[in-house]
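Dear colleague,

Here is the structure you will be working with. My notes follow it.

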Amino acid sequence: MTKNKDKRRENISVATEIDRLEERRARCQDNIERAALRTRKEQLSEKDRQDLEDELAIMNERVQKLDKELQILRGENRRNMLLSVALLAVSALFYYAFFYNED
């Protein structure tokens, strides 16, 4: 199953993957905010409070992992953009040199 998942991700663009991770991160942030609000507003037993704090810790770790992945993908996206601009510049240079300058 992991191989199929990897193959599907190979076909996804970097920008699409960034959008997907940003959505997941936003959902995690919403869950963290709701859980934090719940700890402040509700009277919870010590066990429930500890469970909620454990859940918050897990969600915070998940957000940190997503942030790292996003940072890597944004760097890759930046590199791809620079490569595209460089290829465009080289193509324009060749066009100018070989077709436009035929005097």
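A residue is called buried under 20% relative accessible area, exposed over 50%, and partly exposed in between (1.4 Å probe, protein chains only). At 58% relative accessibility, Phe99 therefore counts as exposed.

This is a predicted model, in which local features need pLDDT of at least 70 and side-chain atom pairs count only at pLDDT 80 or more, while totals for chains, interfaces and linings use all residues. Residues are numbered from 1 along each chain as its sequence is written, and side-chain values use heavy atoms, with hydrogens and water left out.

On confidence: pLDDT is the predictor's confidence in each residue, from 0 to 100. The protein chain averages 86, and 87% of the residues score at least 70.

On the fold: the protein chain has 3 helices and 0 strands, where helices (H or I, at least four residues) and strands (E, at least two) are DSSP runs numbered from the N terminus. The order from the N terminus is α-α-α. Of the contacts (heavy atoms within 4.5 Å) with a separation of 6 or more, 74% are between residues 24 or more positions apart.

Phe99 lies in helix 3 (residues 46-100).

Regards
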